Every structure is written in structure tokens, then in C-alpha cells.
Amino acid sequence: MWILLQTWTWRAALCALLLRAAGGLNLCMSGSATSCEECLLIHPSCSWCSQEDFGGRTLTSRCDFLSNLERRGCGSIENPVSSASVLLNQPLSLEGSRSSYDLIQIRPQRVSLSLRPGDQTWFSLQVRQVEDYPVDLYYLMDLSLSMKDDLDTIRNLGTKLAHEMGKLTSNFRLGFGSFVDKNLSPFSYTAPKYQENPCNGYKLFPHCVPTFGFRHILSLTDEVDRFNQEVQKQMVSRNRDAPEGGFDAILQAAVCKEEIGWRKDAYHLLVFATDDVPHLALDGRLGGLVEPHDGRCHLDQGSEYSASTQMDYPSLALLGEKLAENNIFLIFAVTKRLYVIYKNFTALIPGTTVEILDQDSKNVIQLIINAYNNIRSKVELTVVDHPEDVSLSFSATCQDGKPLPGLRKCVDLKIGDTVSFNVSVEARSCPPRGTDHTFTIKPVGFKDRLEVALDYQCDCGCSQTAHANSSICSTVGTYHCGTCRCEPGYLGARCECQEGGGGGGSYLSACREAEGKQVCSGRGECSCNQCLCYESEFGKIYGEFCQCDDFSCARHKGVLCSGHGECHCGECKCHAGYVGDNCNCPTDTSSCLSDAGQTCSGRGLCVCGRCQCTEPGAFGETCQKCPTCPDACGTKRECIECRLFNSGRLADNSTCQRLCKDQIVTVETLDADVPGAVLCLFKTDTDCVMKFTYSEHVSGRSVLTALQEPECGGGGPDALTVLLAVVGSILLVGVVLLAVWKLVITVHDRREFARFQSARSRARYEMASNPLYKQPVSTHLVETDFSLLGKSYNGGMH
């Protein structure tokens, strides 16, 4: 515990240090607290100086960090801190017994907390599941008609259950109760013929007992034979709708402690066995029941629930509250089809579990054993009467010894295991005086609890010694924690001044800069018609109306007036050589000159003593770097000439060394494909070609990579020779092309002639040798007059 308190004291001191360092802000002084109580509420790291003569006659801020007040010479400081003290811390019990009622499963048992708003404190607690702890088990059974076979099964439950539970505890008691539903329509049959026998006319089961809400049958007892006897006497009843009135029965079994017989020092197990869903709050309005359940016991002399037909069903919230209040573990023993529904109920009702019950309840004993082991295997904390103005956070340390922040539960425990929890407590505000400030932390289902008493540190100790009509306050005021609270009509740090005429606050007009403005600009107090300005850790506040200071001027990079001026009443007065609202612009342009003497290397403008490059691709303090600029190669060429060959315009050593500071690397073969490098060439005086690349290294330096020697060839060729060579080449190419054309034509003609000869030979064969071919012959018959022929012939002879 002491280690935890030391840790949080150290954290508070560290927090105060960080708050002071964060941008120079002192939130204690900036809060303008006028009393000790106001100062304490600003932040838990703020302290109040109650020393009478602290600060003399000036309005020195009494609210500040503790270290600041000590440094400023305050000898009486109010600085309450949150703390925790243990009032009762009895050791945990190892095991239970039949005769002992002093079993302790949680330590400590009482704790007192002193809380300052905003300041955290811690305390720890331990919980142990004691071995052989007494157990009270109340079996609450649904006796509607559908549970008839289940009733037959549990008639000898007591003996068997006592035998099995005897393996877990030597002190076991058993009780029994039953329920059906409200004897109202539409929940039950209400016609006269059903009053004595609701099963009247039901062929499958014609006889049953009248409908009832809840009936307490057997108080908790260790005589298990009585349980069997009472169960064997029971008969089922019948209701009309499917849901049952089981939640009415659970609440009565929880709050009727004397009738049921719950022991103070025992585990309280309530087994709820049913095969259907329950009615919930507001369902009772269907039967005309508008009165909410009052959460009280209503068992009559016959041990029956007398308010069944008078009040609505209880809500889940009321049910959970009463179960927790009476330390009862509720076990839902339901059929498989209802498992999901009741599992959802367990999330809304702390300390409940759900188990699947067979249709005839034959597994009920194993179900109870499993539920009991499940309950004993976990510890979960709950808070009772949690104050609204207090925040709690938990950290669990279970059996593995590792802290689990944010958890208030440990599972998979064995009986006898001890687990611990750290609880952080913080008050968010100060409650009204006279309020009861207590709350309780307890494990769910345990009777053991930790009671926590709260004491709020909202008042200063010096307030108890306040003096009315003190001579310090000119006998017309109350001296309170180093300051005076003047009676009406008086003012001043020591109530030494009296108000002027006019009243109504007109005496303050002399302390206002203008009508409607704050008195003393909100940064001082009006005392005797004049302003007394507050102190500030940032600097001095001054002026007739406290309207001026020396820390509210413009800043540059967090520095007031850029460090090149003085702050006067909110305005920077710049030193010589600087201009601007925050004095960040030097009038000297020498910082913009490049090594060559040019302003920004001719690639930019000088603004506030710094170059703003205008040439695309240019950069550097004086825009001297620009690999892609048109003049880049020309500028760097001069450095190559003077550095490598001691030639060129900059050959003078002093000039070359001053202007050419770039790194020059010489290589035998130049790689022109380097990313980001620019290839440059120039012709030397010897008609050779010098090559180099220009690039910017990641370090910010310019790098020139040049050949060791320029590339030089033979003398230049004669112009006539070149001309003749060109003409000759053209003629030669023409002749070659003509010869090729002639060759192509000749080859083509020969191929065509050969094709013609071949076709001609084939034609000759066809005419001479082909038997299918005959020369066509035309025959004409002509009649001849031979007399005319003879005459002609003879005549011709002559």
C-alpha cells in the first residue's frame, strides 16, 4: 500500500512538472483563484500560500505549483493530497467449519479514503474462496402441468443431492419451493369450474391442484429426508398461457430471508427449474395489474405469495438488485430450447449461471454440482452505492500473478486460491456538505464486503482559523487564508479604503479603461480607485488599467519578437536591422549573396534575409544549386577548368578555391546514366572534348564527376576530300543500284522466254502427234459448164 502511495505521489509531481513545461503555461496562476478553495479545484498540482505578508503590497498570486511557492519564499502552504488508510484488516480464513461464523474471505474489511478532486489514490484488496464453506440450496420448481415428469424424477432428490454435496462441503442445507403463475386471466383459467381443478376437462391429466403464484414448502434444513417427504406430497397445477410466473417466485425466495432460512455465513444457491419462459415486468398489465413490484416479502401464514394478484411481475433490474443484496447465486436449470433466452438473462443479472436441464430433470444433480463448481471457480467484484462523483477503476491479479488492467473478475480458480485487486479512486467534484459518502465493494454472492468511507479534501485547513473583524483587515473584514474578505462598503487588499458615493459599483469606474470593459482589464483588482495588477509567471503586467504586459507580443518559432526586439504593451519594438510584426525580418541582404557575389545566384529574391528561389529547379541557401538550369553546365565548367587543369577564367588559386567548393570526382570512364545527373560537354583550347556530370548528393553537397583527361582525336578532315568522298559514295551507290536493276530485269526476261519456249513445244506436239486432233477440211460441190470452159480455153490459146 505504501509503495502504491509513493508511486502516485511521484506521478503527481511529474504531472506538475510536465504542466509547467508545456508551452510555459502555469494553469494554477492562469485560473485567477481568489481563495484557497478555488485554487484547490483548479488542478490537484496547485497549492495555496496562506502566509500573511506573502508578496508585500502587490497582488502576488497565492495559487501556484508547490515548488514555485517554496522558491518564492512562502512558509505556509495548503496542499492536500489524496490518501488511503486501512481501518480493519483481519486475515483471510483458510477453511470453513460447522461451528464458526467468523469466516473471512475478503481483506481489508474497512478502508478510509481522503480524496482531493482530480487526484487519484489506490488501495488493494484480496479475496479467497474458503474451503469447506457452508452451503444453503433452495430448489425452486415449476409445477405447471408440463413439469409432471420432472416432479416424479426429483421425489428422492434430497438424499442423492446431499450425498453429492457432502463431497464438497460438510455443512449443507436444502429447501424447496414451487410456483405456477398469477391466478388471473389471461395467465390462468379463471372460470368457476376451474377454480378447484384447472385440469377439469383435460383428458390427458384430468386432476390437478388450484393455480398459485409462489408457495414456500420447506425451509432450509439439513434433514434431507424431509425434503423427499415434502416433494412426494406435491402435485402439479395448470396455467393458461405458455410463460410462467417464475420471477415472482425468485424475488420472494430472495427477500423472505427468515421464512426461507438463509444463513448469514453460507453460500446461497437458488436453483430455478422450469421448461418455459418467464413473465417480465409490464406483462401484469394484461391482467389489470398496474402497480410495480415493491421488492418486499409478501408470504402469508400459509407460506404463499399473497400479492400475486395485486402487483406486476418484477423487472430484471429489481431482481438483480435483490439477489445481490442477499448474496444469492441464481442457477437457471432450463431445457435446451430455452438456453439462449436465459443465457441472455445472465448478462443482465450479476451472479447468475444457466445449465441445460433434461426433459425429465434426470440430470438435475449433476447440473447443480456443475453450477456450484462454476460459481466457486470465479470471483467477480461489484460496487454497491457507487457515488456519482467518484470514478473507480480496477486491476485484477489472478492466479498467474499478472496484472490485468480494467478487469474486476478472475476465473478458472481452485477452491483456496487467493486473488487480489487494485482499485483506483478519483473524486471528480466536491459533493454538498452533509452528504453520506460511503460505498461497498463485495464479491458477487459473498456475504463478505469491504466498506469504504470517503472524506473529501475540498476545504483548506487555514479556513478553520478565519478571523472576523480582524485587525489585519482594518477591523472591517474577515482574514481568511492570507487574504481579506471585506464587508460591504470597504475595499482594498486590507479593506483600508471605503467606497465613494453613488453606490451601485460606481467606485469601480475609475478602474475601467472604458465603459463596458473589465475592471483592471481582468488582470488586476481595483483597490482604492486604482488598479493593482496581478503577477504573472510570463512577465510583467502594468499600465493604469493593467492593460499592458511584456509577454503578449507576436512570436516567431516560439520566441517573443523573434529575439530581435522588445515587447511593449502588446507590440514588438524591433532592434536595429530588423523589421516586421515579430521582428523576424533582417534588413541586411548579405546572407543572400552567393560566393560569386550575386544576390540569390541570380535565381531568386532576397526576402527577410533569406532567398526565395524563382528559377525552376533551383535550391540552396543562395539558390546556388540547380542541375537543370540552362547555365548549370557553364557555371560548373569553370570549376572543372580551374580545379583540374588550372585554366580558364578562375585559374587564380584564391578565386578558384573560394568559388569552387563542390566535390570533384575523376574517373576513367564516365557513366552518363546516373539518376539525377546532368551530362555536360565543352571543347577545350586544344580542340578536345571534356565531359562531366553534375548532380546533388543526399548530403546536400554538389558532386562533379569528370573524365581524368579530355577526349582527343586526329586532325580534322579536308573539306574537298569530304565532298569528293560524299559524291563518290553517291555515284557508287547509283551504279550498284543500276547493276542490280539490270540483273533483275535480265533474270526476269530469261525466265519469261523459257516459259514461252516450253509452251510452244507443247503446242507442236498437240498438232502433229495427237490422234485426237484433225485439221479441219471444208468440201464444196461446184457445177461446171464444160462448154464454157472449152471456149474459154480455146480462146485463150489464141
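## Close-up views of a predicted model

Figure 1. Let's start with cysteine 574, which is partly exposed, with a relative accessible area of 30%. Its disulfide partner is cysteine 583, with the sulfurs 2.0 Å apart. Cysteine 583 is buried, at a relative accessible area of 0%. Because the torsion about the S-S bond is about -90°, this disulfide is left-handed. Please keep in mind that the whole model is predicted.

**Figure 2. A disulfide between cysteine 49 and cysteine 74.** The structure holds 22 disulfides, and here cysteine 49 is joined to cysteine 74 with an S to S distance of 1.9 Å. The link is right-handed, with 100° about the S-S bond. Cysteine 49 sits in strand E1 and cysteine 74 in the loop between helix H4 and strand E3, so the bond ties together parts that are 25 residues apart in sequence. Cysteine 49 counts as buried at 0% relative accessibility, and cysteine 74 counts as buried at 8%.

**Figure 3. A disulfide between two loops, joining cysteine 430 and cysteine 458.** The sulfurs of cysteine 430 and cysteine 458 lie 1.8 Å apart. With a torsion of about -100° about the S-S bond, the disulfide is left-handed. Cysteine 430 lies in the loop between strands E18 and E19, and cysteine 458 in the loop between strands E20 and E21, so the pair ties together parts that are 28 residues apart in sequence. Cysteine 430 is partly exposed, at 29% relative accessible area, while cysteine 458 is buried, at 16%.

**Figure 4. An open sheet of six strands.** Follow the strands in the order E10-E9-E8-E11-E12-E13; their pairing is mixed. At the edges are strand E10 (214-221) and strand E13 (352-356), each pairing on one side only. Neighbouring strands are turned by 15° against each other on average, direction ignored. Strand E12 (residues 328-334) pairs with E13 in the parallel sense over five bridges. Look for phenylalanine 332, which stands opposite valine 354 in E13.

**Figure 5. The two faces of helix H12.** In helix H12 (residues 339-348), the buried residues are Tyr342, Phe345 and Thr346. Seen down the axis of H12, they fall within an arc of 105°, so they line one face of the helix. These buried residues pack against H9, E11, H11, E12 and E13. The face turned away from them carries the exposed residues Val340, Ala347 and Leu348.

Methods:
Residues numbered from 1 in each chain as written. Predicted model: local features only at pLDDT ≥ 70, side-chain atom pairs only at ≥ 80, totals over all residues. Heavy atoms only, no water. Pairing = 2+ DSSP bridges. Helix = DSSP H or I, 4+ residues; strand = E, 2+ residues; numbered from the N terminus. Axes fitted to C-alpha atoms, helices over the stretch in contact; angles between N-to-C directions. Buried < 20%, exposed > 50% of the residue type's maximum accessible area, 1.4 Å probe, protein only. Arc of directions from axis to C-beta. Contact = heavy atoms within 4.5 Å. Disulfide = S-S within 2.5 Å.
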